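Please keep the sequence and the structure at hand while reading.

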Amino acid sequence: MHETRPAKITSPVVSLGNGYVRTIPVAAIVAAVGVVLAILFSGGLGARFMHAYLMNYAFLLSICLGCLFFVTIMHLTRAGWSVTLRRIAELYAMCVVPMALLFLPILVTVLSGSDVLYPWVDGGWSMGDSDDPAAVATAGFINSLPVAQRPPFEQLKYGFLNPGFFAGRWVVYFLIWGGMASFFLFTSLKQDKTGEGSLTHRMQAFAAPAMIVFAATLVFSSFDLEMSLEPFWFSTMYPVYFFAGAVLSAWATITLTALWFQRTGRVTDEITIEHYHDMGKMMFGFIVFWGYIAFSQFLLIWYANIPEETFWYNWRINYPGWKTLSYVLLIGHLFIPFLAMMGRTVRRSKNFLFGATIYLLVMHWLDHFWLVMPHYNHYVGGGIEGRGWDTFNPMADIACAVGMIAAFIAIFCVICRDRPLVALQDPRLGESLNHEVH
Amino acid sequence: MAENNNNNADSKLIGLLAQFDDPESLVAACNHAREAGYKKMDAYSPFPVHGIDPAIGIKRTILPLIVLAAALGAVVVGLGLQIYTNSSALDFLAPFPGYPFQISGKPVFSIPANIPVTFEIIVLTSAITTFLGMWILNRLPMFANPLHRISRFKRVTNDKFFLCLEAKDEKFNRAASETQLNKWGAVAIEEVRQDLTDNDLPKWIPTAAILGAIVLLLPPAAIFSQWGQTNRHPRLHVVPDMDWQHKFKTQTMAPNLANGLDEVDLMYADLRSARRPVDGAVAFGSLDIDSEMNFGIKQDFAHAISSRKSMRTLLVSATDDKTAESSSGDSPALAADATENIDQWVTTFPEGVEVNEKLLARGQQRFNIYCAACHGYAGQGNGLVNQKALALAANGDATWTAARSLHDADVKGDAKNPVGRIYDTITNGRGNMGPYRAQIPVEDRWAIVAYVRALQETGLKTPGVDAATDGEESAEKVDPDAKPKE
Amino acid sequence: MATTVDPQGLDNTYDDASQRTPLVLGGLDYQGVTETACGFWEAEKAPKIWWILLLMAMSLLGILGGLVNHLLMSGVGVWGNNNPAYWGWPIVNFVFWVGIGHAGTLISAILFLFRQNWRTSINRAAEAMTIFAVVCAGMFPGIHIGRVWVFYWLFPIPTEHLAMWPNFRSPLLWDVFAVSTYATVSLLFWYMGMVPDIATFRDRTKSRIGKFIYGLLSLGWTGSARNWHRYEIAYTLLAALATPLVLSVHTIVSFDFAVSQLPGWHTTIFPPYFVAGAIFSGFAMVVTLLVPARALFGLEKLITLRHLENMNKIIMATGLMVGTAYGIEFFIAWYSGVQVESYAFWNRAFGNYSWAYWIMISCNVVIPQLFWFKWCRTTTWFMVIVCIFVNIGMWFERFVITITSLCRDFLPSSWAYFTPTWVDIGMLVCSFGLFSTLFLLFCRFLPVIAMAEVKGIMPRDGHH
């Protein structure tokens, strides 16, 4: 029953070792092909491609940020059980540094004054231009104003949403995230060598203020990245929604990565079924949390029925295709995983978790697709017939996803390199190795 | 106490109870017992000891499945309750039929608004099922347990651990089992004996229970007997002065009569709560002798007002225009009613209305509040309400007469639409447009007239009203059968 | 048991990553835990201070009864509620008490699911506090409905007389369901957790009445392994049910406000923000009660400084969440570009209720930051002061939300100023009498410490 497991690392292979040498070239080729295909499907580097890029970027960034949250919260709560999983999260969090480079295309688009992505770049509203009564009615009352009477955007929000300030904010975000991620990773790596318990105290002390800064940056970056695509719309719940998806996908990514490592013969003894069970429980919890946040946001806007807010949902739930996608998210992102992950047995099955984590990541990808693409469909599609699914081809997004995820895997492998995949000398390692779900 | 039982001829041995001092020895003893082939045994501890379940062969309980079933049932019940009561007129629970009513513009059947209550019903049902299910599966409450007669056993809720081998077990042997228990480290061993004489309940308990049940049933029975009965007495009023307030409400009879009291508290013989005005009385501020200012009609034609007598008549005559118009074949805007004399309208603003920037600003503000919803901010006839209604009308979901563009040639200029007539349109409505005199004070109506004129003068270029030819185009866009709005 | 670093052996707030901090101090064994936890209950005579407190609490309760009677006989006009502030103090008090009633279930359910072992010493008292707070909370909407004697119209009970059903699309009805479900489930959870400990009382009590009552309440509990097995599963299930429930209750309370269109009320972050605020105030109340209780009942070895420190950290964290929500609200009010929305928030901070707003900010956001300092969060008298401030701040938060928005809605002609009457103030103060009476009686007659659970997490020889 209580066979006491060792408090030290016994497994021979604890780093990626040569694995990444084989992975990187393949991933790099797939990445290149994917992105090129995406450009071809989009017909160039215009608005279509940029939206596909933004959407996939938001998807990957949310995973990094979720992992950064994992590391911080585990230190903050002095968690012992999760020590063997924490290194994977630390490595993913570190990916936020190369992710800063991948942000450049978006930043360049904004700084060049092009409004293919964010309508606020040139200070315009770009609300639907159609004469169609239904389209105008849904696009908000602004359209019925003579142009001279429209609220000048510059006066309203330009102080916040302008290219210069936007760029400045993102520099700050990446400095903070990069700083946090490197502090946690390198301190933990240092502890691998020295085994000093004081380093744990240092990370714990650092985690508390870091969490505050992290929360603030997460709030504003979620406004900046996706909510400001539609500058007219606003929801105070938006950062929480972004956060819920990010954390769920981070937990899924960590679990999936652990399974991948173990299938390739790494960290086989350190991560046990008990850890998976706990991760499964927490994923279950965050599925419910995501549903709770998504439903609350919808209910409040639906119930109050204020046109400034409802048009955002109207685009997503009243147009063909998007309507289907909304139901897919409701059922696929909430109901199916909720029922599927309820049982104890399935949470303790590695095969089930392998499928479930991939499924959850696909759903999270669809979630970002749902957040970004109706915006493109409405602005650039033009006319009421352009606002449904029939004029929309998601191939560019899928190709872009394949490419960018491959690039992300390559980046992750480079960051892993020879680094140990578990925290070798964490003082709570023994507790984690002997972790048992009661 | 335990010793007493041992000597009792009427008692039956039901097991051997062994005491241990710490959880580890208990788990070890359980494991030994299982290995020795015992199947019927139970361990007792002050807190749940992990590792004991497999040791004495406890299978996982089916409680979670029961709760899941209850939760799924609660989904159906919760949603069904709300659908039946709020969004259906079903009456299979007669005499309590569903009562669908519209509220805050929500559909009678609106799932999002039904989620919270459904959720609470699910949780409530599941929690009660969990609670009751656990006790029932555990066969509790059971107050008559022979274990409670053993004084040593009292420490099971404090700091001692016990293993009980039951006499029903095939392997059980009074002497051999005791030896085994001693070998496994039992600190003390006692027999568990059931006192057979104790089995009967004291006689007074069933009697008391039956009497208690009868007493408890009396109030509901009394209520039920009155169910659906008529009663000549008024119902109980806890705070009478809240229910019977001595006040007059509009369009009611004298208060006490309305409340169904026997005593008639008549203030007026006709039972009205208020008096009608004396014939010829003019309400304060409603003298309206300045016909130009108040009606937009030249003083010379003031008799036209008295001939119409009241605003109500004006409105009726305006709607009567429909019949005249369909036969005349004129442009709809020009289809004046037979009694309308175009010359009667004032063509200049009356004295006391000074057209200046301030008035125009006021007019614009009022226009945007009252008129723009249908006519649009620029008066193009493309207000949001109009657009939405047209879209609905196109689907056959509503009937709607399109709002006119104020830039149409046939509603512009003194010849066809002098300021007095515009003022009259605002005051009394025209076509399907309703009167606004109740909402807009006289001065503001003139301000709007001024602003409408200003809009028409600037002739904002918009789709639909572009050049002279577009007049026809826009006329075509408007439903030809419809009465124009101005 | 780890050697302790201070002479009394009662400071376990030191941080040592290589081993888990002991949560039961003073070298207590199982018997010691039982003796300590039962000490106050077994005392022949309750200490004088308990009687004095009970007398004070019951006096307030008596006044509360008088006030409620006055209200029922005279009508809700005795309150300061006016047009447009139809929701005056009664609703503020309701939300305040419901919020406090969140910590108990949170400690019992969420911390249980997260296997935070330190919850075991404090969960019983916190659960009891939850139920008593919900009782206080339920009173206010109950008496706010005016005609209390037809309160059953709130529920979907078929009556021919009314020939109607409640409106299930109204958040106020959601509240009825949420609060009554919460009260029921909390009660079940509390009672179920108490059964093994009541069995301890049954086995230790000397009086015949005690034997009868505790025997009845403990349902014949024997501590059988088969019973424990189902009991533990049921406990986990109840925790798993109570967790979304506890979130839903304050979420639905927030819906009361947020589904409307009133500026300052309609904002989508309300649900998680209300929940964070509820946890915040609930924990503050737990600390406020437990610090004197542990001294009075001699529970320092079970409710250790570590427990209090952890709660203070949660108070600080949730305080920051609430502060973040204030910030997001303010930012979005500006960002939305909606004039009335911006004005609503400007008005809160600088309008005629700004005094309430700044009390709220200082008590909820500024003062809890003192808990960054270890001395502040481990000094008992000091943390009580901070927690009292937190509760004052959270009361004012509900006041600010309810009153400022109602008094400054879209229509300037309906703006007004709300002033409470003496009945309002009296009811708020005296509701503490109801709460304290229940809590003091609980401390004397029911197990304050979840003994079975504390014993379950004590380190055992040969294990860990």
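A crossing of two helices is called left-handed if the near helix is turned anticlockwise from the far one by less than a right angle, and right-handed if it is turned clockwise. In this predicted model, α2(A) passes α9(A) in a left-handed crossing. The structure also holds 26 salt bridges over all chains, some of which are described below.

**Helix packing**

- Two packed helices are described by the angle between their axes and the distance between the axes.
- In chain A, the axes of helix α2 (residues 47-76) and helix α9 (residues 197-225) come within 9 Å and cross at roughly 160°. Angles over 145 degrees count as roughly antiparallel, and α2(A) is therefore roughly antiparallel to α9(A).
- In chain C, helix α3 (residues 89-100) and helix α14 (residues 380-407) have axes that come within 9 Å and cross at roughly 135°. The two helices α3(C) and α14(C) are therefore oblique to each other.
- The crossing in which α3(C) passes α14(C) is right-handed, whereas that of α2(A) and α9(A) is left-handed.

**A mostly covered helix in chain A**

- Helix α12 of chain A, residues 307-317, is mostly covered, with eight of its 11 residues buried.
- Among the buried residues of α12(A) are A:Phe311, A:Trp312, A:Tyr313 and A:Trp315. A:Glu308, A:Glu309, A:Asn314 and A:Arg316 are buried in this helix as well.

**A nonpolar surface patch on chain A**

- A nonpolar surface patch of about 940 Å² includes A:Val26, A:Ile29, A:Val30, A:Val33, A:Val36, A:Leu37, A:Leu40 and A:Phe41. A:Met395, A:Ile398 and A:Val402 also belong to the patch.
- The largest contribution is that of α1(A), which gives eight residues.
- A:Met395 is found in helix α16 of chain A. This residue counts as partly exposed because its relative accessibility is 34%.

**Salt bridges**

- Side chains of opposite charge can pair when their charged atoms come close.
- In chain B, the side chains of B:Arg155 and B:Asp159 meet in a salt bridge with an N to O distance of 2.8 Å. B:Arg155 is partly exposed, with a relative accessible area of 35%, while B:Asp159 counts as buried at 7% relative accessibility.
- B:Arg193 forms a salt bridge with B:Glu191, and their closest N and O atoms are 3.0 Å apart. Both B:Arg193 and B:Glu191 are buried.
- In chain C, a salt bridge joins the side chains of C:Glu309 and C:Arg377 (2.8 Å, N to O). This pair links distant parts of the chain, 68 residues apart: C:Glu309 lies in helix α10 (residues 305-335) and C:Arg377 in helix α13 (residues 374-378). C:Glu309 and C:Arg377 are both buried.
- In chain A, a network of salt bridges links A:Arg86, A:Arg87, A:Glu90, A:Asp192 and A:Asp426.

**A buried proline in chain C**

- C:Pro272 lies in helix α9 of chain C, residues 270-296.
- With a relative accessible area of 18%, C:Pro272 is buried, since the cut-off for that class is under 20%.
- C:Pro272 and C:Gly210 are 62 residues apart along the chain, and their C-alpha atoms are separated by 44 Å.

Notes. Residues numbered from 1 in each chain as written. Chains lettered and ligands numbered in written order. Predicted model: local features only at pLDDT ≥ 70, side-chain atom pairs only at ≥ 80, totals over all residues. Heavy atoms only, no water. Buried < 20%, exposed > 50% of the residue type's maximum accessible area, 1.4 Å probe, protein only. Helix = DSSP H or I, 4+ residues; strand = E, 2+ residues; numbered from the N terminus. Patch = residues over 30% accessible without salt bridge, like charges linked within 9 Å, V, L, I, M, F, W, Y side chains within 5 Å. Areas by Shrake-Rupley, 256 points an atom, 1.4 Å probe, with all protein chains shown as cover. Salt bridge = Lys/Arg side-chain N within 4 Å of Asp/Glu carboxyl O. Axes fitted to C-alpha atoms, helices over the stretch in contact; angles between N-to-C directions. Parallel < 35°, antiparallel > 145°, perpendicular 65-115°, else oblique.
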